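Okay, everyone, thanks for coming. Let me put today's model up on the screen and then talk you through one chain of it.

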Amino acid sequence: MALSTEESGRLAALLGGQAERVTTRWTEIVTSSLRGRLSQAELRRQVEDLHRAIVATGQHGEIDLASENAAELRAALTELSRGRARQGFSATETTISIFALKDVLAELVQEAGGATALHDFVAFSKLVDEMGLFTFESFVRTRESLIADQAEQLLELSTPVVKLWEGVVAVPLVGTLDSARAQVVMERLLQTLVDTGSPYAIIDITGVPAVDTQVAQHILKTVVAARLMGADCIISGIRPQIAQTIVALGIEFGDIATKASLADALRHVLRLSGVETARRQPRRGV
Amino acid sequence: MERVPILKIGDILLVSIQLDMSDQTAVQLQEDLAERIVDTGCHGVIIDITALDIVDSFVGRMLSTIASISKVLDAETVVVGMRPAVAITLVELGLSLNGIRTALNVERGMELIAAAHADELDYQLDDDPDAETASS
């Protein structure tokens, strides 16, 4: 797929000879497709970078995207697609910036004419296609890493362990509990138990939309692990539908205490640990 | 051969396992502990496994055996300081330490033994009318 040395030379000459005109035309075509979402000056800068990279690579000899010579070109393409992916452009809007070069080349080759015109244009087209594909790939890679980062952040955000009372910690679970999250919750809860020396933990599942056998299994494992370490777990926040599901699925919580609300669970724990709560005359506002 | 030291604190014997257990050390520990319980008349044994990275079925069985021996000699056994990773592994493997009481740290373990011992004393007092009249 690589361009031969003569072809590369002709391409470099074609693009380098009328640099100003090429970049202007190229920028024009791209601008119309992006509908003003990127400033003219920025676009022009990106196009000029690409143009410079192609010409520089062409002067070195044959252009092969996978070769050592094309490192600068690859870097320019990666830079462009990464920027577009982060700014939220679509894949089409990103790759069209590359494919626009084809239109420019068609005009140039037509003007130059000569015996090799058709052959050259086909070869140049192939190179542009390759560059487009490369851009698309790195666009997808950037998007994927963005998604992975977000998933990780979500995991961090969604599993806090809070201290409710001296010796009582609570985990308010929000969202679906899959294996990966259950593992994180379990590890964080057990580590907090060790760090704070709390003998009681409350797992609140008010925010869990559905409890199936797998979710129940994860919760049970956490409770058993906490018991092995010498702490007691209470499950709270069981909504009416969830209670029905649990019974329908035949899930057995055994001798694990389950409470309807977090308040009930806290009261239960306080009674177990011997803390007395009493109601006093409420203070009236002045 | 390496030996696991047994420390006496008040009414409690503290065993802190700091080395990888082998068959010999385990047997030696069981013998030493049984002897110390009889000698001192302690009512509680705390086994600290904070330093253990791995608790397999062998260590689990050893802990169960020690708990059973102590029970026969009227001493309560509490295993303390199990690491989260160890607990998760035990649960994943489906191993449960049957008949062993656990606590988060040595302090909680001592509270647990004190509470269990107090319960027992109450129970004995309630059970024995002579003791009650003697005390009143």
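**A loop residue, then the chain around it**

Let's start with B:Asp74, which sits in the chain B loop between helix H2 (57–72) and strand S4 (76–80); helices (H or I, at least four residues) and strands (E, at least two) are DSSP runs, numbered from the N terminus. Keep in mind that this is a predicted model: local features need pLDDT of at least 70, side-chain atom pairs count only at pLDDT 80 or more, and totals for chains, interfaces and linings use all residues. Residues are numbered from 1 along each chain as its sequence is written, while chains are lettered from A and ligands numbered from 1 in the order in which they are written.

So what's the phi of B:Asp74? It's near 65°, a positive value in a residue other than glycine. Most residues other than glycine have a negative phi. B:Asp74 is also exposed, with 11 other C-beta atoms within 10 Å. On that count, 12 or fewer is exposed, 20 or more is buried, and in between is partly exposed, with C-beta atoms placed from the backbone.

Zooming out, chain B has five helices and five strands, running β-β-α-β-α-β-α-β-α-α from the N terminus. Of its 136 residues, 33% are buried.
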